[in-house]
Amino acid sequence: MTGPVVYHGEGPVWYSGWGGLRFVDMLAGDVMSLGKDGSLERRHVGKVAAAVRPRRDGGAVIGVARGFALEDPDGTVTALPQLWSEAGVRMNEGGCDPHGRFYCGSMAYDQSPGAASLYRLAPDGSVAVVLTQVTVSNGLEWSPDGARAYYNDTATGTISVFDYDRTGGLTNRRTFAELPGGGRPDGLTVDAEGGVWTAVSNGGAVYRYGPDGVLEEKLPVPASKVTACTFGGEHLDELFITTSQENVDSREDPLAGSLFRADAGVSGLPVRLFAG
């Protein structure tokens, strides 16, 4: 769909309220917006732009280097208080739950085991630690009925599933699927049939698992480091896929850092909004 346009593409999100697709060039600290004509707009929001989701009343919530930031409808970005001081740890990926709370998880730059956590930002601005002893916090999305949440800690090589309700949050963690061949799960999304699509960061592909955890499809991507995917387009039936140039030899992988689009054969779910 594009040539190499970012260094480390991540976190694609489709929302008609802001005109279509946004994603991040994470380590550049930029939010990317895809125009209807295929043009790209780049906007700098901080040292790191880890994840972005639309706010219910306009603007966006953003995971930044060591915490969260809020974008107002006029584009003004205000950073919230930092959650930690350790420079070797940064935010990495996130998403919103069915009740309008935004989650973003961290990772150590050197991927030290257990150095990271998953945080939850409530609409009132309060922050809770949801998970600890995480290594590379990545994709997080809920089932169509909101009763389950799927989550990737990339280093585990597995997709986890939790039970979810508003009061208890994420509970009863168990393995939903183990990626074959040492695959490393990255960003993920869920379709309207309950299928779970995960980027495989060392596999040049996106995998679709059925609601029962059975691997049903391997969608090849012409770049080796596939980072995340989401549904978009007018009918939410196109899969947008981000890729990365980080630790990739561009001579051998000339499309690394490109944004791709594929016909998914199934529709996705509307993005969940942050209520703050």
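Let's start with burial: 57% of the 276 residues of the protein chain count as buried. Buried here is under 20% relative accessible area, exposed is over 50%, and partly exposed is in between, with a 1.4 Å probe and protein chains only.

A word on the source. This is a predicted model, where local features need pLDDT of at least 70, side-chain atom pairs count only at pLDDT 80 or more, and totals for chains, interfaces and linings use all residues. Residues are numbered from 1 along each chain as its sequence is written, and side-chain values use heavy atoms, without hydrogens and water.

Now the fold. The protein chain has zero helices and 23 strands. Those are DSSP runs, numbered from the N terminus: H or I over at least four residues for helices, E over at least two for strands. The radius of gyration is 17 Å, close to the 19 Å from the globule rule for 276 residues, so the chain is as compact as a globular protein of that length. That radius is taken over C-alpha atoms, and the rule is 2.2 Å times the number of residues to the power 0.38. Along the principal axes, the C-alpha trace spans about 45 × 40 × 40 Å.

Contacts next. Among contacts with a separation of 6 or more, 44% join residues 24 or more positions apart. Contact means heavy atoms within 4.5 Å.

Val 52 has a relative accessible area of 1%, so it is buried. Which residues does Val 52 contact, leaving aside neighbours within four places in sequence? They are Val 13, Trp 18, Val 24, Ala 60, Val 61 and Ile 62. Gly 95 is 43 residues away along the chain, yet its C-alpha atom is 7.9 Å from that of Val 52.

The search uses a 1 Å grid over the protein atoms alone. A cavity is a set of points where a 1.4 Å probe fits but cannot get out. A pocket is an open set with protein on both sides within 12 Å along at least five of seven lines. Lining residues have an atom within 4 Å of a point. Points join across faces, edges and corners, and volume is the space filled by probe spheres set on them.

How many cavities of 30 Å³ or more turn up in the whole structure? One. The largest cavity holds about 270 Å³. Of its 24 lining residues, Pro 12, Arg 53, Glu 141, Thr 189 and Thr 230 are the closest to the centre. Strands β1, β9, β13, β17 and β21 each supply at least two residues of that lining. By class, the lining has 14 nonpolar, six polar and four charged residues. Ala, Val, Leu, Ile, Met, Phe, Trp, Tyr, Cys and Pro count as nonpolar, Asp, Glu, Lys and Arg as charged, and the others, Gly among them, as polar.

The largest pocket has a volume of about 270 Å³. It has 18 lining residues, and His 8, Met 107, Gln 111, Lys 225 and Glu 246 are the closest to its centre. That lining has four nonpolar, eight polar and six charged residues.

Look again at Gln 111. It has a positive phi of about 60° although it is not a glycine. Gln 111 lies in the loop between β10 and β11, and is partly exposed at 36% relative accessible area. Leu 236 also has a positive phi, about 55°. Leu 236 is in the loop between β21 and β22, and counts as buried at 17%.
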